[in-house]
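My entries follow the display.

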Amino acid sequence: YDRRDSRRDERRPRSPDRRREQEDQRNKEERAKARDDLEDYCYDLRSELKSNSKIGKADERTIRKAVETALDWLDEHLKADADEVLSKLKKLESTCSPLTGISSKLGNRECADKADNDSDDGPEIDVGNIFYGVVTAITPYGVFVEIAPNRHGLVHLTQVEKGLEFEREDKDEDKVKELERAAAKGSKVWIKVMELRPDEKVPGGNRISCSMKLVSQEDGTDLDPEGKLNKRGLSGKGNYYAGLME
């Protein structure tokens, strides 16, 4: 037995069949993981609908329809590759995450990766910062605004517009109608970050609570530079319903 022959065998390139077999196995594992992520997110959303009474009827219908569509697609495309499945997952998340604050495992991993890498892709977010963002969703409890890609803040309904007030018995559809008048979906608004809370579901992520009425919607001037008006409301009974992850 010649050990040199053994070392030469170790350095010998793998056969095409062997490489193909390993690639097929890797693709199979990636496909299975992607399917698990999509299914888990669907069931997380269903669970959220059962436990979160603050989700409006219209948003609930939107979420249920999106979940059923995703699950039906999985049943009909058993051999879809990982990229196709992840594309469906991201589409579902873009629809439901602004309405629920629930992110998929994929979204959580991407957020954690950004935190680990100290990414400079987006702006630094801290209390008192002012941003000009796009309204992405309107719910009975507030308005979601995109600060940067995959980074949203929630403007609670009490912080949208001065003089805009609601009673406990007001219907969800009436709240949404009034909020749409003040901040139409797709419009750009000025917001001020009022509070950051650690997101237990996203390592290194924060839930971002914001205000529109403490910022001039004409030019973005801070109407409360010393934070005096921010001291009441964020920790009171409204408690801001925590925004989405940073």
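**Entry 1: ground rules.** I worked on a predicted model, where local features need pLDDT of at least 70, side-chain atom pairs count only at pLDDT 80 or more, and totals for chains, interfaces and linings use all residues. Residues are numbered from 1 along each chain as its sequence is written, and side-chain values use heavy atoms, with hydrogens and water left out.

**Entry 2: the chain.** I found six helices and five strands, taken as DSSP runs (helices H or I, at least four residues; strands E, at least two) and numbered from the N terminus. From the N terminus on, I read the order α-α-α-α-α-β-β-β-α-β-β. Of the 246 residues, 41% count as buried; buried means under 20% relative accessible area, exposed over 50%, and partly exposed in between (1.4 Å probe, protein chains only). I also looked up contacts, meaning heavy atoms within 4.5 Å. Among contacts with a separation of 6 or more, 65% are between residues 24 or more positions apart.

**Entry 3: helix H3.** I checked the length of H3, residues 57-76. Its 20 residues at 1.5 Å a residue should span 28 Å, and the end C-alpha atoms are 28 Å apart, which agrees. The expected span is 1.5 Å times one less than the number of residues.

Which residues of H3 are buried? I listed Asp 59, Glu 60, Ile 63, Ala 66, Val 67, Ala 70, Leu 71, Trp 73 and Leu 74. An α-helix has 3.6 residues a turn, so residues three or four places apart point the same way. On the face turned away from the buried side of H3, I noted the exposed residues Lys 57, Arg 61, Lys 65, Asp 75 and Glu 76.

**Entry 4: the cover.** What covers the buried residues of H3 includes helix H2 (16-51), helix H4 (82-100) and strand E1 (130-139).

**Entry 5: H2 against H3.** I found that H2 and H3 pack at about 155°, with axes 10 Å apart. That makes H2 roughly antiparallel to H3, the term for angles over 145 degrees. Axes are lines fitted to C-alpha atoms, for helices over the stretch in contact, and angles run from 0 to 180 degrees between N-to-C directions. Among the residues that meet are Leu 38, Cys 42 and Leu 45 in H2 and Ile 63, Val 67 and Leu 71 in H3.

Methods
Angles under 35 degrees count as roughly parallel, over 145 as roughly antiparallel, 65 to 115 as roughly perpendicular and the rest as oblique.
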